[in-house]
Amino acid sequence: AFGGERFELTEGGYFRVHAARAKVLAVAPEQHRAPRRLALELEVSTALASRSDVHAMCDGVARALGAVMPLDSLEVWVSSPPGSDTWIREFPSSSEPGEPSFWPGELRDGDSIHYEPAQPEQSRPAELTIAVRSGKSPAAVVRARGPRLNPPDPELHESLRRIAGMLGGSLERLNILHALQKSEASYRQSSAELQSLYASLQRVEAGLRETDRQKDDFLAMLGHELRNPLAAIRNATELLGPLKAGSPQIERLQNILERQTQQMTKLIDGLLDVARVARGKVALERTIVPVCELVRQVVDDRQHQLRERRVELCLPEHDLWIAADRSRLVQILDNLLSNAHKFTSPGGYIAIEVAHTSERGTLTVSDDGLGIESDVLPRVFEPFRQGRAGLAHSQGGLGLGLALVKGLVDLHGFQLQ
């Protein structure tokens, strides 16, 4: 639209001019070349301004050219990426890469227009090739064939050069836009990766802080657990000095020494066992073990310790036989029972159940004791891990029992929950 007027090219070679007052101007075909070129450039400019991808731009330019100049054929090829030797035909659309065979050598040297006159003796119409550049790199090439291109029109060629410049500028703008979008996407991805890395570092830092806290708790508990038997041993040793042989107090002090020595031995053995399991130094000696018989044996061995608890055995009529290391299986059940006893008050309830199907056996130890805090539950089988209730309990221990159970169960190929 120019000055409030809109120009339309009619089929008969005339222009209809719409203004505030409708009026029709009839012009001879040989006189409307300038308006035709103006309309062509306007159509191309509108097509380029309203499209945001290469295929749509090329399609708009091709249709604008075809609407103004009746043609036998029209092709538009685009270099992808710009300046490369890979070409895609965008009009008519084709996804197969190639290279336009009609690109004359002089177009590679910098010119924008190449005209081949018609050759009637070979039934060959006139050809017009338009080179489109983005900067100095070839970006696209357009070839038109048809009788209306003959004879050559220098003014039309100049108009086509401007159109080639428009298309080249639009392709360059589009390439810059795509590069910015790619950079933005890369930035967003990098930002997301950095946020993920930062979150991972925060989790690692939290884990290190938690590990450091566990270390402090373990050292405090280890000192407490070792100090008690050592204090008892020292006191008993001091009392032994003035006593005479055969004194009834000697026997009592000897019992104290034996109990506290066993307690220290158990603590040290637990530390060594956990370390050996973690380093893969424990070798299993598998035999066929009757599980129900083993459960009764372990409970009988702990009868004195469990006398203040209500212990219930839920065992099947027929025993369950498994291939396992008997001594390690005793160690597993003994630690589970010790844990249940430790956190169950006198008069509390402990149940041991053995169940099996044709393919799977289950050994369950349950109690109605203090329970486990929800935040501790996911890591309850880690070494030195104890809940707040465990640390406050008088028989807190070092937090090695369940960790040792987990290591031995995994070593057997069993599952622990």
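User: What is the pLDDT over residues 11-31, and how many contacts does the model have there?
Analyst: The pLDDT stays under 50 over residues 11-31, and the model has 32 contacts for them beyond four places in sequence. pLDDT is the predictor's confidence in each residue, from 0 to 100. Contact means heavy atoms within 4.5 Å. This is a predicted model, where local features need pLDDT of at least 70, side-chain atom pairs count only at pLDDT 80 or more, and totals for chains, interfaces and linings use all residues. Residues are numbered from 1 along each chain as its sequence is written, and side-chain values use heavy atoms, with hydrogens and water left out.

User: What does the chain average?
Analyst: The average pLDDT is 77, and 78% of the residues score at least 70. Residues 1-5 fall below 50, with 9 contacts beyond near neighbours in sequence.

User: Why is A236 called buried?
Analyst: Its relative accessible area is 2%. Buried means under 20%, exposed over 50%, partly exposed in between (1.4 Å probe, protein chains only). So A236 counts as buried.

User: Where does A236 lie, and what does A236 touch?
Analyst: A236 lies in helix α4. Helices are DSSP runs (H or I, at least four residues), as are strands (E, at least two), numbered from the N terminus. Beyond four places in sequence, A236 touches L253 and L257. A236 and L253 are 17 residues apart in sequence, yet 5.6 Å apart in space, C-alpha to C-alpha.

User: What does V44 touch?
Analyst: V44 touches V61, A64, I163 and M166, leaving out residues up to four places away in sequence.
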